[in-house]
Amino acid sequence: MIQVAIMGYGTIGSGVAEVLEQNREKIAEAVGEEVALKYVLDLRDFPDSPVADKIIHDFKVIEEDPEVSIVVETMGGLNPSYPFVKACLLAGKNVTTSNKALVAAYGTELLEIAREKSVNFMFEASAGGGIPIIRPLYRCLNGEKIEEITGILNGTTNYILTKMDKCGATFESALKEAQDLGYAERNPEADVEGHDTCRKIAILTAMATGHEVNYEDIYTEGITKITDVDFRYAEKMGTSVKLFGTSQIDGDKVHAWVAPVMIGKDHPLYMVSDVFNGILVEGNMLGTSMYYGSGAGKLPTASAVVADIIEEAQNLKNNIRLGWDAKRLEIEPMLSSRHRYFVRVAGTLADKEKTVEEAFGKVEKIVLDGTGEFAFVTEEMPEATFMAKKAELEAEVLQFIRARI
């Protein structure tokens, strides 16, 4: 029998316990022996829960119990998750986590300790929630040179943007609804400012390149400046706006960024709505593949964690080759990236058309009646070039969004 401990009995931790129990026979069949939950570490007691007899409050019990060979970290944050996970690996225990903050900040060190101790540090649930994406990168796509990863990686922001798109909601009202439904935290900054997506695309970029990525090097822009007027233009144009995390890999040059992007109906991620996530991976041989599903949620995320538990149970003393090394990957400046741009301008097209064309040349123009403004879409250009041209219209520019249309 393989003994497991869970650290943190919140939404995900309780989901892992539920999956281990509900799918016990399926898991045992995959592993070749029974996988049992021995401890649940939490500050709280849960007297009416199915794990009431397994609750402990002292981390040392897990660290020092030789019977526990797999530890699940679902506490979130960095403290005490980082010292606890590190101690477990140093004690020769396998660890799996759903904690993207932990993986983005300390993944390099924890992977190295796991290699030294011939155990495993796994994190399938950290980047795509319930969507399999980490394992495809180191297993199914192992023979590919990954050229691009683009994803809708945050369910909260996708829900907000969907409400703005389909229901004409304002950002503020859509955010409040997301909070009321439990999709957004009371303090939604990590989601709406793009920080959550940033950490996830950093992890995926590190997986694709095999080198460490500092998420703080990635240009990050959230959705707080997107308005219902932007979606009125989008409707007229047959487009929508999504928050993308993107990594474009060209040899030694890597552009990685997080920002709202206007996309057309022919884009594979156009139909990814509500709290669902979608990830496109482009390889040099395969071309483009897409991974779609629940990017968050109790049981979908727990399912991804349990997949890690199974693989670790099959390789208790065998380090699986995955992750990245300690060589820091240099992220190219955002100003050198190339995009088309959707730009809203104050005033009438009749008055400003000549000025716009002098600055940007040939553009596609869009007018919304009764708004006192108009918009245009540029040709593809480096961001530095766009910013210089935009400066010529600075006083009149109301909004700009990068576009893939």
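Start by selecting D274, which sits in the loop between β11 (253–264) and β12 (276–283). The model you are looking at is predicted.

Stay on D274 and check its backbone. Its phi is positive, about 55°, although D274 is not a glycine. Most residues other than glycine have a negative phi. Now show the surface. D274 is partly exposed, because its relative accessible area is 33% and the partly exposed class runs between the under 20% of buried and the over 50% of exposed.

Next, select F276, M290 and Y292. Together they make a nonpolar surface patch of about 280 Å². Which strand holds M290? It is β13, residues 287–294. Colour M290 by accessibility: at 36% relative accessible area, M290 counts as partly exposed.

Now go to S118. Look in the loop between α5 (100–117) and β6 (121–122). Is S118 buried, partly exposed or exposed? With a relative accessible area of 33%, S118 is partly exposed.

Last stop: select N79 and P80. Display the peptide bond that runs from N79 to P80. This bond is cis, with omega near 15°. Most peptide bonds are trans.

Definitions and conventions:
Residues are numbered from 1 along each chain as its sequence is written. This is a predicted model: local features need pLDDT of at least 70, side-chain atom pairs count only at pLDDT 80 or more; totals for chains, interfaces and linings use all residues. Side-chain values use heavy atoms; hydrogens and water are left out. Patches are made of residues with over 30% relative accessible area and no salt bridge: like charges are joined within 9 Å, nonpolar side chains (Val, Leu, Ile, Met, Phe, Trp, Tyr) within 5 Å. Accessible areas come from the Shrake-Rupley method with a 1.4 Å probe; for residues, only the protein chains shown count as cover. A salt bridge is a side-chain nitrogen of Lys or Arg within 4 Å of a carboxyl oxygen of Asp or Glu. Helices (H or I, at least four residues) and strands (E, at least two) are DSSP runs, numbered from the N terminus. Buried means under 20% relative accessible area, exposed over 50%, partly exposed in between (1.4 Å probe, protein chains only).
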